[in-house]
Amino acid sequence: MTETVDLLAIAAHRDDVELTCGGTLARAARAGHVVGILDLTRGEMGTRGSASVREREAAAAARVLGARVRLNADLPDAHLANDEATRVRLVELVRRTRPRVVILPFPVGRHPDHRVASAVARDACYLAGLAKYHATPGHEPHRPFKILYALAYREDPVRPTFVVDISEVFDVKMEAIRCYASQFDGAIAAGEIVPTGQDLYELIRVQAAHYGSLIRKPYGEPFFTHGTMEVDDVMGIGVQSM
Ligand SMILES: [Zn+2]
């Protein structure tokens, strides 16, 4: 079975991609792109739930989103490091999945795993293209064309480079998040989100509505990219100025 994908979202923990870019993944899958998810850890350090419960939850969430591949790098939760062994492991997974576009966590983050995941996955995306770097038979060198950083839930937000309109798949994103009952049911202060006392699902909805408002749509997910965005036809640029 091939594990080749068009779009690969990489994150430290199961449930991270559902929260930060689940709508974008669902939209891409519905547009006919092959979507994959690479979780770096199994969540064994999580306060709530166990690694085996979260594995079942993650598989269910992937089905909801329409992701065809969901891999786990089996790296140590809460002990992620940008070291040689981790880079080699991720280079192998990038060469196996061969994505054109990769979504990573933003490089600034409260959880050390999120910061490290961003840096080590970015490094692996580069190194995977070096033919002589840990060459393995059957896995040709590959370098993703585009790296995007998911910005949702940043507490020190930078201005998004763009926002993806997820209005039509917002219910799908929420259904995927609800697959993680062990993490979120009854939660008012999950790990990645500032505890405000609000119901977590309502907080996710409010934040997605805020990002959507930036592009004058009901719901959105924000992204940052270091590269400059190219426009083919200025007549087609979205978001009304005034
Ligand atoms: Zn996380």
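**Close-up views of a predicted model**

**View 1. Helix H3 and its packing partners.** Helix H3 covers residues 84-97, and its end C-alpha atoms lie 20 Å apart, in agreement with the 20 Å that its 14 residues should span at 1.5 Å a residue. Its buried residues are Thr86, Arg87, Leu90, Val91, Leu93, Val94, Arg95 and Thr97. Just after H3, Arg98 adopts a positive phi of about 50 degrees.

**View 2. The largest nonpolar core, with Ile103 and Leu25.** In soluble globular proteins, nonpolar side chains tend to be buried together. The largest nonpolar core of this model comprises 42 residues, and Leu25 and Ile103 have the most contacts inside it. Two or more residues come from each of the strands S1, S2, S4 (101-105) and S5 (146-150), and from each of the helices H1 (16-30), H2 (51-65), H5 (170-178) and H7 (200-213). Helix H1 gives the most, with 7 residues. Apart from this core lies another, of 31 residues, which includes Val116, Ala121, Cys125 and Tyr149.

**View 3. The surroundings of Ile103.** When neighbours within four places in sequence are left aside, Ile103 is in contact with Leu7, Leu8, Ala9 and Ile10, with Cys21, Thr24 and Leu25, and with Leu148, Ala150 and Phe223.

**View 4. Cys21 and Cys125.** The structure holds 0 disulfides. Cys21 is in no disulfide, and the nearest cysteine sulfur, that of Cys125, is 14 Å away. For Cys125, too, the closest cysteine sulfur is 14 Å away, in Cys21, which is too far for a bond, because a disulfide requires sulfur atoms within 2.5 Å. Cys21 is buried, with a relative accessible area of 1%, and Cys125 counts as buried at 3% relative accessibility.

Notes: Residues are numbered from 1 along each chain as its sequence is written. This is a predicted model: local features need pLDDT of at least 70, side-chain atom pairs count only at pLDDT 80 or more; totals for chains, interfaces and linings use all residues. Side-chain values use heavy atoms; hydrogens and water are left out. Helices (H or I, at least four residues) and strands (E, at least two) are DSSP runs, numbered from the N terminus. The expected span of a helix is 1.5 Å times one less than its number of residues. Buried means under 20% relative accessible area, exposed over 50%, partly exposed in between (1.4 Å probe, protein chains only). Contact means heavy atoms within 4.5 Å. A nonpolar core is a set of buried Ala, Val, Leu, Ile, Met, Phe, Trp, Tyr and Cys residues joined through side-chain atoms within 4.5 Å.
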